[in-house]
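Biologist: Hi! Could you walk me through how some of the helices pack in this one?
Modeller: Happy to, here it is.

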Amino acid sequence: MTLAVNGGDLQRLRRLNALTVVAALRADGPMPLTQLAERTELARATVKQAARDLIEQGWVAEMEPSGGAKGRPARRYRFCAEAGRVLGLDIGAHKVLAAVADLDGNVLHLAREPVTPELSRQERLAAVDRVVDACLTGSGTADAEVWAAVAGSTGYIDLDGRIVLSRAIRDWSGTPLADHLSARLPCPVLVENDSRLAALAEHRRGAAQQVRNLVYLHIGRRAGAAVILDGVPLRGSSGAAGEIGVHPLFNLATSSDLLQAGVPAITSGLAPEEVAAAVFDAARRGEPESVTAVLRYVKVLALATAAMTLTVDPELVVLGGGFSRAADVLMGPLRAELETICLRTPVLCGSALGEECVAVGAVCYAVDHLNSMLFNPSH
């Protein structure tokens with residue numbers, strides 16, 4: 001995972017040159033030697049030596065020359081994203097989902113297991129271990145090949161990876177999740193709030209790829225939010241940024257109950273996880289009671305959304321979480337409410353990544369961590 005360094009100024013310079021070459025290949029993709037020298041502003045001979053060192057260590061590979069060009073085709077080099085793996089986890093109230101990806105963040109394999117909010121802490125951690133094992137085995141990945149792991153979970157998570165407070169999962173508050181995963185995996189382990197990771201996923205690979213500033217609304221049977229500023233997830237001084245869902249003024253914690261009130265003919269006899277979908281479907285058909293229930297819910301959602309929008313002035317608000325499947329029903333009323341409150345109403349859109357959003361965000365976060373710690377020449 002680290003470049004060999006034997007000491008001395010020459011070795012340090014060669015390491016710096018190699019990292020510069022790696023950074024260029026990761027940023028701009030495969031390129032020939034001459035272009036790589038121009039991109040890195042290093043001498044061609046220096047780049048050639050760095051490429052030779054990186055090939056020996058398995059970080060760079062030489063590609064077959066592309067055909068069609070006149071004269072002798074130039075050799076091209078690429079970063080070996082297959083040299084290592086990252087692991088992303090989504091640990092929620094109703095499922096545990098794991099993703100193994102290469103060093104470019106391309107997901108190679110997924111594994112999941114349904115769980116319930118009522119599980120004990122030890123039962124949930126055992127499920128996490130099973131899903132990790134299944135994902136690594138299914139992808140043919142050895143433990144030693146995992147260079148970084150990131151877990152996303154509901155709740156307020158401190159900077160040490162401990163679940164400080166979780167209202168959605170029984171017996172989860174106080175769980176030292178980073179410590180548990182570190183005992184299982186021989187690599188750096190980071191733990192982050194699931195909404196924040198979902199926002200990062202939408203920014204990197206989903207609906208917000210061309211946006212620098214966004215608010216992500218994690219709406220469903222529970223509610224949360226996250227902020228991306230200048231392309232970076234906002235954590236705050238203790239990891240509590242975006243936890244607007246716990247504030248009693250906004251009533252987000254119980255806002256989904258508003259969808260059931262007043263529409264007993266539609267929701268009677270349904271399981272809790274089926275209620276919202278039934279109300280949204282009825283609202284699509286224009287049934288008055290369901291339309292009214294959706295409007296009640298949207299008014300509560302709009303108040304919290306406006307508070308965040310007025311604070312950070314995002315270009316985009318992404319509707320994610322379980323209710324994102326009803327974005328077509330929610331966006332019109334939500335936009336209308338925001339227009340009465342906000343100085344500038346942001347663009348609204350639905351999630352593009354669905355239920356894999358948190359795991360994909362965890363993979364992106366792991367790749368960012370490796371970029372910072374291993375592949376950054378200025379580090």
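Modeller: One term before we start: a crossing is left-handed if the near helix is turned anticlockwise from the far one by less than a right angle, and right-handed if clockwise. Also, keep in mind that this is a predicted model.
Biologist: Thanks! So which way does helix 8 pass helix 10, left-handed or right-handed?
Modeller: Helix 8 crosses helix 10 in the left-handed sense.
Biologist: Which residues make that contact?
Modeller: Helix 8 contributes F280, A283 and R284, and helix 10 contributes D328, V329 and L330. By class, the contact of helix 8 with helix 10 has 4 nonpolar and 2 charged residues, with no polar ones.
Biologist: And at what angle do helix 8 and helix 10 pack?
Modeller: About 70°, with the axes of helix 8 (residues 272-284) and helix 10 (residues 327-339) 9 Å apart. Angles of 65 to 115 degrees count as roughly perpendicular, so helix 8 is roughly perpendicular to helix 10.
Biologist: Nice. Switching topic, how do helix 4 and helix 5 pack?
Modeller: Helix 4 (residues 121-138) and helix 5 (residues 177-184) pack at about 40°, and their axes are 11 Å apart. That is why helix 4 and helix 5 are oblique to each other.
Biologist: What's the handedness of the crossing of helix 4 and helix 5?
Modeller: That crossing of helix 4 and helix 5 is right-handed. On the helix 4 side the contact is made by L125, V128, D129, V132, D133 and L136, and on the helix 5 side by L177, H180, L181 and R184.
Biologist: How many of the residues in the contact of helix 4 with helix 5 are charged?
Modeller: There are 3 charged residues in the contact of helix 4 with helix 5, along with 6 nonpolar and 1 polar.

Note on methods:
Residues numbered from 1 in each chain as written. Predicted model: local features only at pLDDT ≥ 70, side-chain atom pairs only at ≥ 80, totals over all residues. Heavy atoms only, no water. Axes fitted to C-alpha atoms, helices over the stretch in contact; angles between N-to-C directions. Helix = DSSP H or I, 4+ residues; strand = E, 2+ residues; numbered from the N terminus. Parallel < 35°, antiparallel > 145°, perpendicular 65-115°, else oblique. Contact = heavy atoms within 4.5 Å. Nonpolar A, V, L, I, M, F, W, Y, C, P; charged D, E, K, R; others polar.
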